[in-house]
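Okay, thanks for coming, everyone. Let me put the model up and then talk you through a few helix contacts and charged pairs.

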Amino acid sequence: MTSDRREFVRSAALAGAALAFPGAAWLERARLDEPAAPLRRLPPGAEDGEDYWRLVRSQFLIAPRGIYFNTGTIGASPRPVLDAVLRHMTAFETVFDAEAVDLDALRRSVGGLVGAPPHTLAFTRNTTEAMSWIAAGLDFRPGDEIVMTTHEHVGGMCPWQAAARRHDLVLTQFALPVPPTGAGEILDAWRRALTPRTRVLMISHVLFTNGLIQPVRELCALARARGIITAIDGAHPPGMLRTNLADLGCDFYASSPHKWLLAPKGTGLLYVSEPWLDRLWPTIVSGGWDSLADKAVRFDRKGTVNDSLYAGFQAAVDFHMLIGPERVERRVRWLGDRLYDGLSRIAGVQLKSAGTPAIRAPLVSFTVDGWTTDDLIKALWERAMVRVRHVAEYDYHWVRLSTHVYNTPEEVDRVVALVAELAARRS
Ligand SMILES: Cc1ncc(COP(=O)(O)O)c(C=O)c1O
């Protein structure tokens, strides 16, 4: 980078930072041209004050001129992840210096993180692809019923729509209470939705609409007792909530580590529980597709892929472990709770997320009286470049804000103050 360009980047970053957060000079560090100070591992249980989280934030390239509150759609990868991808890709293109990615080691690392034996995990590009493998890989009888809520993302839902059309199945969607008040009422709603023909429950672990953490363990037990298959849309939990797939007791789990785990875009995960390893039909096949002894690894036989993404995936798991899953979860939920509590004190704000922190992931959804969601989102963007998600699906039209480790309490407070100002204007 030329010195002019470097100066431009520095001034732009500083101007943006000053605009958004007067006095927050540390944000200058979030620049493209200088490496951040390395993140240190804190001993378990050690205090992680704001200095520590500023150091975490400095590992990201996120431009300081805006507020990124949309990890629910896609995470921003830290520098070590980007470096690993670029290093691998660069070496690869030299042809002779190409480095192999140790996929077995990656499988072990990911397995440790999500609580699943490595041989039950296959790599996909995302949740959508993993869920498609599940829905396309099962045998059905006409009339079998698939049950899900009216809070499903197209990526988790459409694979079942296609299977239903193809095999003449029944697809039932039922409503959940909004805002939800407890796990008991969620379980009751699922129980009421079951029929003797129910063959599959497609359950979002965390709803993308309002961040509700569903009682997946209990739902899987309920399903198992009735011989019903459970396919979990786990796009969100890995990298956000501590997850133990073996303990959940589900048949299948689909995830997108490029969201909360901050892995490279285009890295996904499919978990196939032990009893299904030799029964799920593969959707994409190549040599070894029927080598049952290879367990889930046989689902990885799908032609040439971009190995550099897996190098980044490994770096993302390492980065997450460096901070520590417990510390990450505590921080992201603390920020989410701060956001929820701030919004709950504003007259005219209608919260759609659960009021009980135990069942609320850090995805907070709301509307504001007197404002259309489009106008509200536009106002937040124009005032502070706040990047949010418009949950327009099912005609809900909610604003959704997600908080991750790179967000700060100042960002949360700024957005709460902005919403208060906007709400007051139209009350
Ligand atoms: C609950 C849920 N399922 C599935 C998806 C699809 O994810 P991907 O595009 O990574 O397949 C999303 C994306 O936002 C989601 O929130």
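I'll start with a pair of helices and then move on to salt bridges.

First off, keep in mind that this is a predicted model. So, look at helix α12, residues 373-384, and helix α13, residues 409-425: their axes come within 11 Å and cross at roughly 125°. That angle makes α12 oblique to α13, and the crossing is right-handed. On the α12 side, the contact residues include Leu-376, Leu-380 and Arg-383, and α13 brings in, among them, Leu-418, Leu-422 and Arg-425.

Okay, salt bridges. How many turn up in the whole structure? The search finds 23.

One I like is Glu-411 with Arg-57, at 3.3 Å, N to O. Glu-411 is in α13 and Arg-57 is in α2, so this pair ties together parts 354 residues apart in sequence.

Arg-338 is partly exposed at 31%, and Asp-413 is partly exposed at 35%.

Also in α11, Arg-330 and Glu-326 sit 4 residues apart, about one helical turn, and their side chains form a salt bridge at 3.0 Å, N to O. Those two also belong to a network of salt bridges with shared partners, together with Asp-48 and Arg-327.

Definitions and conventions:
Residues are numbered from 1 along each chain as its sequence is written. This is a predicted model: local features need pLDDT of at least 70, side-chain atom pairs count only at pLDDT 80 or more; totals for chains, interfaces and linings use all residues. Side-chain values use heavy atoms; hydrogens and water are left out. Axes are lines fitted to C-alpha atoms, for helices over the stretch in contact, and angles run from 0 to 180 degrees between N-to-C directions. Helices (H or I, at least four residues) and strands (E, at least two) are DSSP runs, numbered from the N terminus. Angles under 35 degrees count as roughly parallel, over 145 as roughly antiparallel, 65 to 115 as roughly perpendicular and the rest as oblique. A crossing is left-handed if the near helix is turned anticlockwise from the far one by less than a right angle, and right-handed if clockwise. Contact means heavy atoms within 4.5 Å. A salt bridge is a side-chain nitrogen of Lys or Arg within 4 Å of a carboxyl oxygen of Asp or Glu. Buried means under 20% relative accessible area, exposed over 50%, partly exposed in between (1.4 Å probe, protein chains only).
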